[in-house]
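Here is a friendly note to read with the structure open beside you. Take the points in order and find each residue as you go.

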Amino acid sequence: MTQELDFQARLMVDRSCFGLNIHRAGRAVAKKFDDAFRSAGVNHWQFALLMTVNVPGGMSVSELARSLVVDRTTITANVKPLERMGLISIKVDEDDARARRIEITESGIAVLEETYPVWQSVNEEISSAVASDKDGVLNALASITARNA
């Protein structure tokens with residue numbers, strides 16, 4: 001490749017690569033949420049974990065991993081700090097002693113009550129940035145996620 005072609009290819013990738021631009025946007029969005037949640041002592045990923053397990057009876061590690069499209073080891077590593085903070089509890093599943101159930105605690109619910117209005121505000125701000133086709137963007141991202149889950 002010539003130097004000019006290399007530069008042109010770089011510019012094309014910079015402007016049109018879905019992976020690169022989704023990654024950049026994801027990092028920027030995550031930082032915005034992290035900054036907004038800082039006073040509550042959680043980050044955007046911890047908020048997502050808490051919100052996801054906020055169901056009657058909690059979720060198994062496998063259910064949570066499937067829901068968030070990550071592997072079980074990622075869930076295991078990321079719930080430990082939440083357990084230490086007292087925001088979730090991890091218990092042996094009553095139906096399968098080999099499985100663990102993750103349940104939100106009262107303290108975890110209090111954090112969600114504090115952070116949910118913050119999430120709404122930041123999410124609306126981000127939504128405004130893609131307002132011309134917000135539903136289309138969200139549907140496209142959900143479709144990609146579903147095909148790769």
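This is a predicted model: local features need pLDDT of at least 70, side-chain atom pairs count only at pLDDT 80 or more; totals for chains, interfaces and linings use all residues.

1. Start with helix 3 (residues 44-53) and helix 6 (residues 106-129), which pack at an angle of about 115 degrees. Their axes lie 11 Å apart, and the crossing is left-handed.

2. Which residues bring helix 3 and helix 6 together? From helix 3 come Phe47, Leu50 and Met51, and they meet Val111, Leu112, Thr115, Tyr116 and Trp119 of helix 6. Sorted by class, this contact has seven nonpolar residues, one polar residue and no charged ones.

3. Now look at helix 4 and helix 5, whose axes cross at roughly 105 degrees and come within 9 Å. Helix 4 is therefore roughly perpendicular to helix 5. On the helix 4 side you will find Val61, Ser62, Leu64, Ala65 and Leu68, which meet Arg72, Ile75, Thr76 and Val79 in helix 5. Six residues of this contact are nonpolar, two are polar and one is charged.

4. The largest nonpolar core has 23 residues. Those with the most contacts inside this core are Leu50, Val53, Leu64, Ile75, Ile88 and Ile102. Among the elements giving two or more residues to the core are helix 2 (18-37) and strand 3 (100-104).

5. Finally, zoom in on Leu50. Leaving aside neighbours within four places in sequence, Leu50 is in contact with Leu82, Leu87, Ile88, Ile104, Val111 and Leu112.

Note on methods
Residues are numbered from 1 along each chain as its sequence is written. Side-chain values use heavy atoms; hydrogens and water are left out. Axes are lines fitted to C-alpha atoms, for helices over the stretch in contact, and angles run from 0 to 180 degrees between N-to-C directions. Helices (H or I, at least four residues) and strands (E, at least two) are DSSP runs, numbered from the N terminus. A crossing is left-handed if the near helix is turned anticlockwise from the far one by less than a right angle, and right-handed if clockwise. Contact means heavy atoms within 4.5 Å. Ala, Val, Leu, Ile, Met, Phe, Trp, Tyr, Cys and Pro count as nonpolar, Asp, Glu, Lys and Arg as charged, and the others, Gly among them, as polar. A nonpolar core is a set of buried Ala, Val, Leu, Ile, Met, Phe, Trp, Tyr and Cys residues joined through side-chain atoms within 4.5 Å. Buried means under 20% relative accessible area, exposed over 50%, partly exposed in between (1.4 Å probe, protein chains only). Angles under 35 degrees count as roughly parallel, over 145 as roughly antiparallel, 65 to 115 as roughly perpendicular and the rest as oblique.
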